[in-house]
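Hello,

Here is the structure I promised to pass on to you. Have a look at it first, and then read my notes below.

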Amino acid sequence: MIAVSVVLYAYYWLNRNKTYAFMGWVVVASLIHSTAMVALIALFYKKIKLDDRLLIYILLIASFFVGLLLNNDMISPFIGSYEGYLDKADGYRTEDRTLQAFLLSVYWTGLFLYVYETVEEELHENFWMKLYFMAILVMNVMLRLELGLRVVFYFSVVEVVLFPLYLANVKESYRVVSPYVVVLFLSVFFFYFLSTNSAGVLHYSSILF
């Protein structure tokens with residue numbers, strides 16, 4: 001999560017068109033955890049056009065199909081020493097919990113579609129909105145992969161910027177209900193996460209206590 005925080009700072013520079021600064025901070029993040037290098041995919045954000053609704057829905061559906069087909073054995077030859085880490089891992093998205101992972105992807109995709117359809121049109125081409133869309137695609141593609149959620153964090157972290165931005169630019173007819181929708185989605189996930197002790201989060205401990 002420290003690496004994820006550094007990547008979020010790197011996005012700040014990418015948003016200002018400081019490509020080399022972005023890449024430099026991603027490299028710094030990769031020194032903390034090598035998986036941070038996947039954040040370089042964000043360099044292609046300008047290729048994403050969120051004003052084409054049909055294409056957006058096609059990509060979302062296609063990402064689900066890819067995610068249902070992709071598994072740990074298929075990616076193992078491409079991740080080097082990290083393969084052993086996957087073999088030993090016991091994360092949320094184990095292959096015998098594919099249904100839960102699929103439902104989780106549907107859940108977050110539903111929130112994205114709500115945001116997409118209720119936000120002012122000009123925000124569709126916003127940098128943070130594009131990264132939010134990339135986060136959903138990455139999550140769907142990795143829904144069956146052990147610890148795929150950890151890779152998704154490098155993109156989904158942009159939600160801390162995107163959701164306030166969304167609520168400031170939501171369409172007039174949705175301004176009353178939208179804050180409650182966002183809070184409801186986040187709260188349901190948060191309390192479900194705690195109730196299932198996902199990723200062994202309870203009892204929480206740190207280097208301080």
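**What I found**

From the N terminus on, the elements of the chain run α-α-α-α-α-α-α-α-α-α. That is 10 helices and 0 strands, where helices (H or I, at least four residues) and strands (E, at least two) are DSSP runs numbered from the N terminus. Please keep in mind that this is a predicted model: local features need pLDDT of at least 70, side-chain atom pairs count only at pLDDT 80 or more, and totals for chains, interfaces and linings use all residues. Residues are numbered from 1 along each chain as its sequence is written, and side-chain values use heavy atoms, with hydrogens and water left out.

**The chain as a whole**

Of the 209 residues, 42% count as buried; buried means under 20% relative accessible area, exposed over 50%, and partly exposed in between (1.4 Å probe, protein chains only). The chain exposes about 11700 Å², and carbon and sulfur atoms supply 69% of that area. Accessible areas come from the Shrake-Rupley method with a 1.4 Å probe, and for residues only the protein chains shown count as cover. Among contacts with a separation of 6 or more, 75% are between residues 24 or more positions apart; a contact means heavy atoms within 4.5 Å.

**Inside the chain**

Serine 105 counts as buried, at 0% relative accessibility. Leaving aside neighbours within four places in sequence, serine 105 is in contact with Phe64, Met139, Asn140 and Leu143. The C-alpha atoms of serine 105 and methionine 142 are 9.4 Å apart, although 37 residues separate the two along the chain.

Helix α9 (residues 159–168) has two sides to look at. Glu159, Leu162, Phe163 and Tyr166 are buried. They cover an arc of only 95 degrees around the axis, so they are on the same side of α9; the arc is that of the directions from the helix axis to the C-beta atoms. On the other side of α9, Val160 and Ala168 are exposed.

**Aromatic pairs**

The structure holds 17 aromatic pairs. Rings of Phe, Tyr and Trp (its six-membered ring) pair if their centres lie within 6.5 Å; planes under 30 degrees apart count as stacked, over 60 as edge-to-face and the rest as tilted. One of the pairs is edge-to-face between tyrosine 132 and phenylalanine 163, at 5.7 Å centre to centre and with 75 degrees between the planes. Tyrosine 132 lies in helix α7 (residues 127–141) and phenylalanine 163 in helix α9, so this pair ties together parts that are 31 residues apart in sequence. Both tyrosine 132 and phenylalanine 163 are buried. Ring pairs also link Phe112, Tyr116, Tyr132, Phe133 and Phe163 into a cluster.

**Salt bridges**

A salt bridge is a side-chain nitrogen of Lys or Arg within 4 Å of a carboxyl oxygen of Asp or Glu, and by this rule there are 5. In one of them, glutamate 121 meets arginine 53 (3.3 Å, N to O). This pair links distant parts of the chain: glutamate 121 is in the loop between α6 and α7, and arginine 53 is in helix α3, 68 residues apart. Glutamate 121 is partly exposed at 39% relative accessibility, and arginine 53 is partly exposed at 29%.

Lysine 171 also forms a salt bridge with glutamate 121, with the closest N and O atoms 3.7 Å apart. Here lysine 171 comes from the loop between α9 and α10 (178–195), 50 residues from glutamate 121. Another salt bridge joins arginine 175 and glutamate 172 (3.2 Å, N to O). Salt bridges that share partners join Arg53, Glu117, Glu121 and Lys171 into one network.

**On the surface**

Tyr20, Met23, Ile41, Leu43 and Phe44 form a nonpolar surface patch, with about 540 Å² of accessible area together. Patches are made of residues with over 30% relative accessible area and no salt bridge: like charges are joined within 9 Å, nonpolar side chains (Val, Leu, Ile, Met, Phe, Trp, Tyr) within 5 Å. Phenylalanine 44 is in the loop between α2 (19–32) and α3 (53–69), and is exposed with a relative accessible area of 54%.

Enjoy exploring it!

Best wishes
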